[in-house]
Amino acid sequence: MESRNVMSASAQPFEGRASAATSRRSFIRLVGGGAVLAATGSLAGCSGELPETAIQPWRSAERETDTRRFMLAHALLAPNPHNLQPWIADLREAGRIHLNCDSERVLPETDPFGRQILIGCGAFIELALIAAAQRGVSVKVELFPGGAPADQALPKGSRIATLVLGEPGSAAADPLFAQIVRRHTRKSAYANDRALPESLLRNWGETATRFGLRTGAATGAAAMDPIRKITREAYEIEATTARTWLESARVMRIGPGAIATNPDGISLNSPMVRALHTVGLFDPMEVPAKGSSSLQRVMDRWVPFETASGFLWLASPDNARPTQVTSGRAYVRAHLLATAAGADMHPLSQALQEFPEMRGPRAAIHRTLGLGAGGETLQMLARVGFATEPTGPSPRRRLDALVRT
Ligand SMILES: Cc1cc2nc3c(=O)[nH]c(=O)nc-3n(C[C@H](O)[C@H](O)[C@H](O)COP(=O)(O)O)c2cc1C
């Protein structure tokens, strides 16, 4: 979608809206057609490359000499919803890392109970453990040492886990370590005609089982088309519900200056988006109305998200807080396995979300995947396959921004 893998599926269109003046709409049509060369010509010297400081954490993780900082420098590269990076690491107690959920980095509208935020924290924990093992250190994970947040409360400020470090030489290296800095959520089109390797499907299954979860891959048109329909409808609901749309709009970072200042959230950096934003033709705070041409353009951006070799799903027997964290641990391992196999993954989470307007798609996706009996919960749904264009890392905040000493 974006040239540098920077626009979330929950993210926004970057063209004019129905409410824009007619002259604006003509301009956009022109840009989309014959005048596009003129437009890009005037953007000479403007590139979609992310600012170096925003992607530096992907390059510097290996350099940390202190074991806990080495763990955290890798952990902060974890996949997480809207790239909010909802973590604070308290290092004041020797030999331990206390992981807290940053109260300012939650998504009350699209993730009202913080389920996805906890999945992101689970991914963070798993990467911390893999990094510790690389240094020969085992880690005991104490989940929610102060008690888990209530089922329907945001985990704002909660202590998610305490990681207790073992002695040097207590762990063997994890073969997935090398994939941590190579893993990226690729959001461009995927090939439709490439099968997933059997070994990858097997490894995903074993990983899910190890964490007490179930997984499966829907492949072939008969299995994938109903999922495509539900995920598309779910996205349209998120896009046309003002408060959920605006939640994404508020965390958009448009252009290198904004991305460098806030290397988190949804980064929009293509020259065209920046130009439209600069001249006032792209205002992320305008909510697309049902039936409008602006919504049509938003939905056009969804088309690449229907390309894939298949959909991977990950489900848990219950939806308890520790299970949500565990799902994040399993999910990131599944993604690392895909990276090792040269495959790509891209979560499409709208239909899984718990806000009331999403009730229909949420029930439909559970039904379609044969889940839901006895509290079984779909925790992650991702299209999987082989991206047709390479995209690089997404921004990260520096290690020191999340560490408390
Ligand atoms: C629980 C969870 C839900 C996510 N849902 C979506 C989604 O609906 N759409 C999307 O484009 N990316 C989704 N992502 C991927 C994040 O956008 C991505 O991890 C984040 O931007 C950081 O990028 P990276 O994974 O390339 O490091 C999700 C990730 C997690 C952990």
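Colleague: Of the contacts with a separation of 6 or more, what share comes from residues 24 or more positions apart?
Modeller: That share is 81%. Keep in mind that this is a predicted model.

Colleague: OK. How many helices and strands are there?
Modeller: The protein has 14 helices and eleven strands. As for burial, 48% of its 405 residues count as buried.

Colleague: Let's start with S1. How does S1 run relative to S2, parallel or antiparallel?
Modeller: Antiparallel: S1, residues 87-90, is joined to S2, residues 96-101, by four bridges.

Colleague: Which way does S1 run against S11, parallel or antiparallel?
Modeller: Parallel this time, with two bridges joining S1 to S11, residues 403-404. Aspartate 90 has arginine 404 of S11 as its bridge partner.

Colleague: Switching to helices: is H4 mostly covered or mostly uncovered?
Modeller: Mostly covered. H4 spans residues 67-75, and seven of its nine residues are buried. Those are Arg68, Phe70, Met71, Leu72, Ala73, His74 and Ala75.

Colleague: What do the buried residues of H4 pack against?
Modeller: Quite a list: helices H3 (52-60), H5 (115-134) and H14 (399-402), plus the strands S1, S2 and S11.

Colleague: Now the open sheet. What's the strand order?
Modeller: The order is S5-S8-S10-S9, four strands with antiparallel pairing. The edges are S5 (214-218) and S9 (344-347), each pairing on one side only. On average, neighbouring strands of this sheet are turned by 25° against each other, ignoring direction.

Colleague: How many bridges join S9 to S10?
Modeller: Four, and S10 covers residues 377-385. Histidine 346 stands opposite arginine 383 in S10.

Colleague: Which strands does H12 touch when it packs on that sheet?
Modeller: H12, residues 321-340, touches S8 (310-316), S9 and S10. The direction of H12 makes about 150° with that of S8.

Colleague: And H12 against H5: at what angle do they pack?
Modeller: About 55°, with their axes 6 Å apart. That's why H5 and H12 count as oblique to each other. The crossing is right-handed.

Colleague: Which residues make the contact?
Modeller: From H5, they include Leu118, Ile119, Gly120, Cys121 and Gly122. From H12, they include Val325, Thr326, Ser327, Gly328 and Tyr331. By class, the H5 contact with H12 has nine nonpolar, six polar and five charged residues.

Colleague: Last topic, threonine 162. Where is it?
Modeller: Threonine 162 is in S4, residues 159-168.

Colleague: Why does threonine 162 count as partly exposed?
Modeller: Because it has 18 other C-beta atoms within 10 Å, and being buried would take 20 or more, while exposed means 12 or fewer.

Colleague: What does threonine 162 touch?
Modeller: Leaving out residues up to four places away in sequence, threonine 162 touches Arg96, His98, Glu142 and Pro145. Valine 139 is 23 residues from threonine 162 in sequence, and their C-alpha atoms are 9.7 Å apart.

Note on methods: Residues numbered from 1 in each chain as written. Predicted model: local features only at pLDDT ≥ 70, side-chain atom pairs only at ≥ 80, totals over all residues. Pairing = 2+ DSSP bridges. Axes fitted to C-alpha atoms, helices over the stretch in contact; angles between N-to-C directions. Contact = placed C-beta atoms within 7 Å. Parallel < 35°, antiparallel > 145°, perpendicular 65-115°, else oblique. Left-handed = near helix turned anticlockwise from the far one by under 90°. Nonpolar A, V, L, I, M, F, W, Y, C, P; charged D, E, K, R; others polar.
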